[in-house]
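Let's take a walk through this structure, one piece at a time. Have a look at it first, then read on.

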Amino acid sequence: MENLPFIIGFLGNIFSGLVFLSPVGTFNRIIKNGSTEDFDSLPYICTLLNSSLWTYYGIIKPGSYLVSTVNCFGVIVESIYIALFLQFAHPKMRNKTASLAGVLNLGILATILLLGQLLLHGQMRINVIGFLTAGLTIIMYSSPFGVVKTVVTTKSVEYMPFFLSFFLFLNGGVWTLYALLVGDWFVGVSNGAGCFLGAVQLIIYVIYRNPNSSKQLEDQTECLLPPSSSSNSRVET
């Protein structure tokens with residue numbers, strides 16, 4: 001069983017890779033249409049920052065090369081996404097993307113790495129970087145809940161990508177298991193939260209995937225609530 005952490009971590013690499021590649025369809029559309037339309041670059045900019053920090057964490061913590069390798073892949077993929085935004089976005093979005101990428105992926109990242117190298121040493125450096133990265137990861141796992149609000153309001157899963165939620169759930173679960181095996185609570189807490197949040201998204205998807213059931217529930221709700229209340233009912237990554 002000595003190889004079990006490696007096997008689980010390798011599976012985590014595969015699922016994380018699938019999560020990183022999940023927006024490929026969106027960018028095929030962007031390239032085909034020659035425009036980013038109403039898509040937002042912020043999720044990709046934040047994911048690039050997150051992947052960069054996990055790569056650094058995997059480098060400075062002994063035995064965490066599986067964490068660094070997959071996130072290095074993420075850095076490459078997210079950088080390509082951002083480059084496509086800069087190429088195909090309208091001027092306002094292009095300026096926003098360039099500004100945010102400059103602040104988050106250059107300014108803040110460089111500051112964290114510089115302070116980490118100069119002021120922090122040994123286990124303290126690992127703890128600080130791990131804490132920052134785990135917190136950012138939990139925030140990113142929570143970001144699809146904006147879509148969840150839309151699903152509940154519209155009682156439709158049209159704008160909730162099932163496979164993204166599914167792979168986020170699997171990714172969080174596999175990395176949580178890996179963290180338990182190697183004793184890494186930064187990876188464990190952040191991905192455990194991600195697994196839980198992914199499960200919540202899947203449950204909501206199951207509840208609202210059947211339009212007829214949703215309509216029946218809405219009719220039942222309208223019988224129980226006054227008109228003013230029933231009219232106000234309603235997830236990356």
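## Starting at tyrosine 65

Tyrosine 65 sits in helix α4, which covers residues 65-88. Helices here (H or I, at least four residues) and strands (E, at least two) are DSSP runs, numbered from the N terminus. Before going further, note that this is a predicted model: local features need pLDDT of at least 70, side-chain atom pairs count only at pLDDT 80 or more, and totals for chains, interfaces and linings use all residues. Residues are numbered from 1 along each chain as its sequence is written, and side-chain values use heavy atoms, with hydrogens and water left out.

Setting aside neighbours within four places in sequence, tyrosine 65 touches Phe6 and Gly58, where contact means heavy atoms within 4.5 Å. Threonine 55 is 10 residues away along the chain, and its C-alpha atom is 8.6 Å from that of tyrosine 65.

## A nonpolar patch

Tyrosine 65 also belongs to a nonpolar surface patch of about 640 Å², together with Phe6, Ile7, Phe10, Leu11, Ile14 and Leu18. Which helix gives the most to the patch? That's helix α1 (residues 4-21), with 6 residues.

A word on how this was worked out: patches are made of residues with over 30% relative accessible area and no salt bridge, joining like charges within 9 Å and nonpolar side chains (Val, Leu, Ile, Met, Phe, Trp, Tyr) within 5 Å. Accessible areas come from the Shrake-Rupley method with a 1.4 Å probe, and for residues only the protein chains shown count as cover.

## The overall build

How many helices and strands does the protein have? There are 11 helices and 0 strands. Of the 237 residues, 43% are buried. The protein exposes about 12600 Å², and carbon and sulfur atoms supply 70% of that.

The UniProt record, an unreviewed entry, places the feature "transmembrane region" at residues 6-30, 42-59, 65-86, 98-120, 126-147, 159-179 and 185-208. UniProt positions are given in the numbering used here, feature names are shortened, and annotations may be inferred rather than shown by experiment. In the model, residues 6-30 are 92% helix and 0% strand, with end C-alpha atoms 37 Å apart. Residues 42-59 are 100% helix and 0% strand, and there the end C-alpha atoms lie 26 Å apart.

## Three salt bridges

The whole structure holds 3 salt bridges, each being a side-chain nitrogen of Lys or Arg within 4 Å of a carboxyl oxygen of Asp or Glu. One of them pairs glutamate 37 with arginine 29 at 2.6 Å, N to O. Arginine 29 is partly exposed, at 43% relative accessible area, and glutamate 37 is partly exposed too, at 27%. Glutamate 37 lies in the loop between α2 and α3, and its phi is near 50°, a positive value in a residue other than glycine. For context, most residues other than glycine have a negative phi.

Another salt bridge joins lysine 96 and aspartate 40 at 3.3 Å, N to O. Lysine 96 is in helix α5 (residues 91-119) and aspartate 40 is in the loop between α2 (24-33) and α3 (42-60), so this pair ties together parts that are 56 residues apart in sequence. Then there's lysine 61 with aspartate 184, at 3.1 Å, N to O. Lysine 61 lies in the loop between α3 and α4 and aspartate 184 in the loop between α8 (162-182) and α9 (185-208), so the pair ties together parts 123 residues apart in sequence. Aspartate 184 counts as buried, with 3% relative accessibility.

The predictor's confidence in each residue is pLDDT, which runs from 0 to 100. The mean pLDDT of the protein is 84, and 86% of its residues reach 70 or more. Among the elements, α4 has the highest mean pLDDT (96) and helix α11 (residues 227-230) the lowest (36).

Over residues 213-237 the pLDDT is below 50, and beyond near neighbours in sequence this stretch has 34 contacts in the model. Where pLDDT is low, the predicted coordinates should not be read in detail.

Terms used: Buried means under 20% relative accessible area, exposed over 50%, partly exposed in between (1.4 Å probe, protein chains only).
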